[in-house]
Amino acid sequence: MAASEITAAAEGFVRISGLGKVFRREEGSVQVLRNVSITVPNRQFISILGASGCGKTTLLMMLAGLESITSGTIEIARQSVTKPRRDVGIIFQDPTLLPWKTALENVLFPIEIFGLPLAEYRPRAQALLELVALGEAMHMRPRQLSGGMRQRVAICRALIHTPAVLLMDEPFSALDAITRDELNLMLIDVWERYHQTAFFVTHSIREAVFLSDRVVVLGGAPGHVVADVTIPFERPRAPTLGETLAFNRICGELRTAIAESTATSRRDHTAAMRAQA
Amino acid sequence: MSDELLVAEIHAASVRREQRSMLARTARKTILPVIAAAIVVVAWEIAVDASGIKPAVLPAPSSVLSATFANRDILIANALPTTLETIAGFILSLSLGGLLGVLLTYFALVRDALYPNVILFQLIPKVAVAPLFMLWLGIGWESRVAMALFIAFFPIVISTVSGLQAADPAILRLCESLAASRWQVFFKVRLPYSLPFLFNGMKISMTLAIIGVIVGEFITSQQGLGYIILFAGSRLETATVMAALLVLCTVGLALYGLVGLVERIVMTKFGH
């Protein structure tokens, strides 16, 4: 058992070990992450779940190389992450599209920045846009697209250069519930086709369970791993999965884990306040 | 066609409809001022006729027109250097002002050292400095172009600085995540985002460049529409003064329109 765990860890495609993050500000330093270790095998879809302020977005930004590491290490494909890598694709909370470019041109933006031949990637961009049902809208500018359509363009842009790792920072949190469900289905469709290692940061339990192979709960202050749950459902996943008993039982477990971690951190906080007094 | 494409299509149609009603508004906005101006000109003509006021004080519009026609060779010959010197002053302002704007944005040392001075410099009443230029550069075109540059330079600097800071921070973060170089971020993101600011600055700058050249012509008294105005004024040929003003307005309008035209062409590519 122990030996097999060690092998699994060694084979991890993304390895986060002993990760800590302290933000130093003029008012003093705040520790947002403490001793976070997660090993992710290749092609796993993992959700990082937690209440706001638990450091989940910070963790994702560190994976992206956009935020410095205070302690510990992050490795992707055995290389430590210190700056943005070109084999990573990111979907931010907002679509962040260039307003003067068409959907197609926006999808090709990373290719333009990487200095790769645009003509070579155009068929792939078109195929991606068709996959998210934007085939007929590919020559429209962002102003002409709805919020959901824009975020779908952002999904395609994150995948255009066939990244090995896909990072998503609450990508659908700004959308209404119906559009959000729709995009979850679309995302899972796209992911099942391309199958990268995927990190999905969210505060929605149901979204995390529906999309993922595995859900890691971050909690407490500073944030650390409070639960690590494997999601057993087979793929492709049906939209009706959310109505099954097993699905709801896992959601319940995760909800309890989050509730306990926030209660603990509140108690710790109160104790610290008393100690100060 | 899926539902949302239909929605997008309906949206596009409503945008087109909006554009059509905008066309009607634009027509109204061009025709009305022309009618208003025409009424003033006619009233002016009638008032001068009726009151018997001396033409040296206020010539009728008809005599301004005939003065324009009679002096057309001189007016054209002098409009040419005024136009060329304005364009030269404007292009110099655009390149030097743009360059300074970029340096101020990208180099903290330059910004800290120069920006307060630039603002302070801006407070000088620039026309008052004109005699100095004649002293330094003589009575040729150099003085007049320098004057135009001196006046028209600042709006370009200010609009470049604010334009280059107008890029969406989320887009800049995206660029960072793609490991884009500074040059790429400048040309592919910051510059396009700055264009609306830059064109506003260019319109102001073009208007000021004309003022600069005219002031230069007043001081150097060699050639140009400013010189004609000064010379004809001293001989009480008021109709000729106004004829020169008419030509000057036409030149100004054409140059301003040229900037507007370039703006429209560029913004169809880089507009939202």
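How many residue pairs are in polar contact between chain B and chain A? The count is 6 residue pairs, with both residues at pLDDT 80 or more. A polar contact here is a pair of N or O atoms within 3.5 Å; within protein, one must be able to donate a hydrogen and the other to accept it, and residues adjacent in sequence count only if both atoms are side-chain atoms. The model is predicted, so local features need pLDDT of at least 70 and side-chain atom pairs count only at pLDDT 80 or more, while totals for chains, interfaces and linings use all residues. Residues are numbered from 1 along each chain as its sequence is written, chains are lettered from A in the order in which they are written, and side-chain values use heavy atoms, with hydrogens and water left out.

The side of chain B that touches chain A draws at least two residues from each of helix 1 (3-51), helix 7 (169-177), helix 8 (182-220) and helix 10 (238-270) of chain B. Helices (H or I, at least four residues) and strands (E, at least two) are DSSP runs, numbered from the N terminus. Helix 7 of chain B gives the most, with 7 residues. By class, this side of chain B has 16 nonpolar, 6 polar and 5 charged residues. Ala, Val, Leu, Ile, Met, Phe, Trp, Tyr, Cys and Pro count as nonpolar, Asp, Glu, Lys and Arg as charged, and the others, Gly among them, as polar.

In total, 27 residues of chain B are in contact (heavy atoms within 4.5 Å) with 29 residues of chain A. The two chains bury about 2600 Å² between them, 63% of it on carbon and sulfur atoms. Glu4(B), Leu178(B) and His272(B) supply 22% of the area that chain B buries against chain A, more than any other three residues. Buried area is the accessible area (1.4 Å probe) that two parts lose on being put together, summed over both. The rule finds 1 salt bridge across the interface. Lys188(B) and Glu112(A) form a salt bridge through their side chains, at 2.9 Å from N to O. The rule asks for a side-chain nitrogen of Lys or Arg within 4 Å of a carboxyl oxygen of Asp or Glu.

On a 1 Å grid over the protein atoms alone, a cavity is a set of points where a 1.4 Å probe fits but cannot get out; a pocket is an open set with protein on both sides within 12 Å along at least five of seven lines; lining residues have an atom within 4 Å of a point. Grid points are joined across faces, edges and corners, and a volume is the space filled by probe spheres set on the points.

The structure holds 2 cavities of 30 Å³ or more. The largest cavity has about 60 Å³ of space. Its lining includes Pro110(A), His161(A), Leu174(B) and Leu178(B). Strand 6 of chain A gives the most to this lining, with 3 residues. The second largest cavity has a volume of about 40 Å³. Residues of chain B line this cavity, among them Phe133(B), Met147(B) and Ile219(B).

The largest pocket has a volume of about 320 Å³. Helix 7 (177-194) and helix 8 (205-211) of chain A each give two or more residues to its lining.

Chain A also has cis peptide bonds. One joins Ala221(A) and Pro222(A), with omega about -5 degrees. Another runs from Arg235(A) to Pro236(A), with omega near -5 degrees.
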